[in-house]
Amino acid sequence: MTLATAPRRPTAPAADRAARPRRDLGAWFLVLPALLPILVLSVGPLLYGIGLAFTDAQSGRTQATRFVGLLNFSDLFQDSLFWDSFRIGLIWAFGVTVPQFLLALGLALLLHLDLRLRWLARALAIIPWAMPEVVVGIMWRLVYHPDAGILNETLRGLGLGLGLGLSGAGDGRDWLSGLATALPAVIVVGVWAGMPQTTVTLLAGLQNVPRELHEAASMDGAGAWRRFRTVTWPALRPIALAVTALNFIWNFNSFALVFVLTDGGPGGRTRLPMLFAYEEAFRYGQFGYAATMGLAMVAVISVLLAVYLSGRLKGDDDR
């Protein structure tokens, strides 16, 4: 009587094992054209900026750059102007991201309906996304123009001008120069400019929701709100999580739009952290200190996003 032995695990032929390194090398060779620009244009400058944050690098100095350790970070923690700009940046990021998502969700639900000329509405909805931020900024400066801007003219036509201090032609309110109106006016532009991208992303997610689920919910007597809450939103939740996180990062790091609209004014009311770092680096020549600002922004935003994503993902797991 012989004992049955378990079958041995088949091993790859020697020729396949010898060819595997060549296949791996070929795969890396194919990936290299896409990987090289990322390393040169993203990873390299990031590492250089991190190193620069620990030096006293300045523009135009004749002496060699010195390593100063944590001196820049110590100065940064005591810089009230920077933390004020950081507070403004958070207000801007939340003020743009939240309305941007809510309006984009409503527009995506509307464009998902079987309406006439839906293709034309979808094409028009992405026009702001296709426009460069500099062009958007110039266009909205004309909209907010105190004398000839369409906003003030519309308010006068509706009879709302007197309540806003618009007594007549040539006496218009400068929305981008007012201490109380500059930041809200810029936030409106940010929402308008970024909403199409979020709309397209959510619309793509809506098109992946099986129609049979909606039909089954309708047969069970579910109304529109219940179908959205039990069918549509669970399918959109992962997409919503990703797009809001990316939008928050993008909005917090905004530069060109606010630079064209207000250049950080009036009185620093719209000076976002990126504008503050830009001024330190290219107006005052403090490259090391500006790099410290950038590193601090990356660290704080990474922590905020980690807390946000962990909380949302934990909530999804509980469900």
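In which hand of crossing does α8 pass α10? The views below, taken from a predicted model, start with that pair.

**View 1. Helix α8 meets helix α10.** Here α8 covers residues 182–207 and α10 covers residues 224–252. The answer to the opening question is a right-handed crossing of α8 past α10. The two axes come within 9 Å and cross at roughly 155 degrees. Angles over 145 degrees count as roughly antiparallel, and α8 and α10 are therefore roughly antiparallel to each other.

**View 2. The residues between α8 and α10.** On the α8 side, look for T198, T201, L202, G205 and L206. Facing them from α10 are T232, L236, I239, V243 and N247. Sorted by class, this contact has five nonpolar and five polar residues, with no charged ones.

**View 3. The largest nonpolar core.** This core holds 21 residues, and W92, Y144, V189 and L261 are the ones touching the most other members. At least two core residues come from each of α3 (80–112), α6 (133–143), α8 and α11 (256–261). The top contributor is α8, which gives seven.

**View 4. Around W92, and on to a second core.** Leaving aside residues up to four places away in sequence, W92 touches V186, I187 and G190, along with N251, F252, S254, L257, V258 and L272. One of those partners, F252, also belongs to a second, separate core. That core has 15 residues, with A245, F276 and A296 among them.

Conventions: Residues are numbered from 1 along each chain as its sequence is written. This is a predicted model: local features need pLDDT of at least 70, side-chain atom pairs count only at pLDDT 80 or more; totals for chains, interfaces and linings use all residues. Side-chain values use heavy atoms; hydrogens and water are left out. Axes are lines fitted to C-alpha atoms, for helices over the stretch in contact, and angles run from 0 to 180 degrees between N-to-C directions. Helices (H or I, at least four residues) and strands (E, at least two) are DSSP runs, numbered from the N terminus. Angles under 35 degrees count as roughly parallel, over 145 as roughly antiparallel, 65 to 115 as roughly perpendicular and the rest as oblique. A crossing is left-handed if the near helix is turned anticlockwise from the far one by less than a right angle, and right-handed if clockwise. Contact means heavy atoms within 4.5 Å. Ala, Val, Leu, Ile, Met, Phe, Trp, Tyr, Cys and Pro count as nonpolar, Asp, Glu, Lys and Arg as charged, and the others, Gly among them, as polar. A nonpolar core is a set of buried Ala, Val, Leu, Ile, Met, Phe, Trp, Tyr and Cys residues joined through side-chain atoms within 4.5 Å. Buried means under 20% relative accessible area, exposed over 50%, partly exposed in between (1.4 Å probe, protein chains only).
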